[in-house]
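Me: I have a model open and want to go through its geometry and packing. Can we take it one question at a time?

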Amino acid sequence: MEGIIRVAVDAMGGDNAPAEVVKGAVEAVAVREDIQVLLLGRKAAVEEELVKYTYPSHRIEIIDAPEVIETAEPPVIAIRKKKQSSIVMGMNMVKQGEADALVSAGSSGAILVGGQVIVGRIKGVERPPLAPLIPTEKGVSLLIDCGANVDARASHLVQFAKMGSIYMEHVVGVKNPKVAIVNIGAEEEKGNALVKETFPLLKECKEINFVGSIEARDIPHGEADVIVCEAFVGNVILKLYEGVASAFMGIVKQGMMSSLRSKIGALLVKPALKKTLKAFDASQYGGAPLLGLKGLVVKTHGSSKAAEVTNSILQCVTFKEQQINEKIKNNIEISSKEE
């Protein structure tokens, strides 16, 4: 089918699989007519969920993947031994061009290992980072890296900045995105050894719009479009972000239900509050692409519901249309020649 984006989806990955994954796939094909979803998983379990919906039968295909990689399994061993798992089969489909992308809420370790070992890195890319969009006052920012490389080097962070800038400009539509490195202060001389080594390299990089350091408290205010850090720091920021948002929403709901007066007030402000809080719902922005691979792999939260699965599938279409991999490849090649 010409012009159709084929997205392989791990139907067995995540806490809510396969029910929410299947629902998300059905909703995705209802939104766009140029998507075909390939649901990989245990056929009987996927079929049991799929029969609940009405959808164009030629737009969703079930591919039997009898094995499942569990979260606690050692990633390298699981990738090597479970060839018939949804993650490994999906990775191979991307590698062989049978699918344009893979979306999975499954084992993070298996996805990171499989992405590099099976799909492979673009030549010149040192370390592929996970890059989720996080909500801010001004829209969204890209947090790169949030979980793939906990022991990154300065050269890795410079590549993260370049790849993140390409993604923000061409997928999100932010022209000349502002790039900042996470630090414990705004001054250039502050930070740990990695930040101190990376800062001048980012400052000298002509391919990005580097604005200096950013403190964690300024991230939610949208002070930068691309937030650069190694994965240990990035993962802490992401998890704290999610935890504070969840706690805040719980406190707001509890306060609104505390008395008759607050309940009446809640009814009056509910429409405006719902719209405001939706802007800080990370699920509407899709998953985290593993940037720098030869094909597209998107990791969604293990607790993903249908909405996040749907948005992750739609995210793959934009990524493919904007030829992000080709742009990253060209950028890395040019940088290598200049060095």
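Me: Is helix α4 (residues 86–95) largely enclosed or largely open?
Reply: This is a predicted model. Helix α4 has ten residues, and eight of them are buried. Buried means under 20% relative accessible area. So the rest of the structure leaves α4 largely enclosed.

Me: Which residues of α4 are the buried ones?
Reply: They fall within residues 86–95, the span of α4. The buried set is S86, I87, V88, M89, G90, M91, M93 and V94.

Me: Which residue with a positive phi follows α4?
Reply: The helix covers residues 86–95. After α4 comes a residue whose phi is near 80°. That residue is G97.

Me: How do the axes of α1 and α2 lie: parallel, perpendicular or oblique?
Reply: Helix α1 spans residues 19–31 and helix α2 spans residues 43–50. Their axes come within 9 Å and cross at roughly 55°. Perpendicular would need 65 to 115 degrees, and parallel under 35. Therefore α1 is oblique to α2.

Me: Is the crossing of α1 and α2 left-handed or right-handed, and what is the make-up of its contact residues?
Reply: α1 passes α2 in a right-handed crossing. On the α1 side the contact uses A19, V22 and V26; on the α2 side, V46, E49 and L50. By class, the contact residues are five nonpolar, no polar and one charged.

Me: What does V9 touch, leaving out residues up to four places away in sequence?
Reply: V9 is one of the residues touching the most other members of the largest core. Its contacts are V21, V37, L38, L39, L40, L102, V103 and I313.

Me: Is N176 buried or exposed?
Reply: N176 lies in the loop between α6 and β7 (178–182). Its phi is positive, about 50°, although N176 is not a glycine. The relative accessible area of N176 is 52%. The cut-off for exposed is over 50%, so N176 is exposed.

Me: What is the accessibility class of Q323?
Reply: Q323 is in the loop between α10 (306–321) and α11 (324–338). Phi of Q323 is near 50°, positive in a residue other than glycine. Relative accessibility of Q323 is 44%. That counts as partly exposed.

Me: How far apart in space are V233 and V7?
Reply: V233 lies in helix α8 (residues 231–256) and is partly exposed at 29% relative accessible area. In sequence, V233 and V7 are 226 residues apart. In space, C-alpha to C-alpha, the value is 31 Å.

Key. Residues are numbered from 1 along each chain as its sequence is written. This is a predicted model: local features need pLDDT of at least 70, side-chain atom pairs count only at pLDDT 80 or more; totals for chains, interfaces and linings use all residues. Side-chain values use heavy atoms; hydrogens and water are left out. Axes are lines fitted to C-alpha atoms, for helices over the stretch in contact, and angles run from 0 to 180 degrees between N-to-C directions. Helices (H or I, at least four residues) and strands (E, at least two) are DSSP runs, numbered from the N terminus. Angles under 35 degrees count as roughly parallel, over 145 as roughly antiparallel, 65 to 115 as roughly perpendicular and the rest as oblique. A crossing is left-handed if the near helix is turned anticlockwise from the far one by less than a right angle, and right-handed if clockwise. Contact means heavy atoms within 4.5 Å. Ala, Val, Leu, Ile, Met, Phe, Trp, Tyr, Cys and Pro count as nonpolar, Asp, Glu, Lys and Arg as charged, and the others, Gly among them, as polar. Buried means under 20% relative accessible area, exposed over 50%, partly exposed in between (1.4 Å probe, protein chains only). A nonpolar core is a set of buried Ala, Val, Leu, Ile, Met, Phe, Trp, Tyr and Cys residues joined through side-chain atoms within 4.5 Å.
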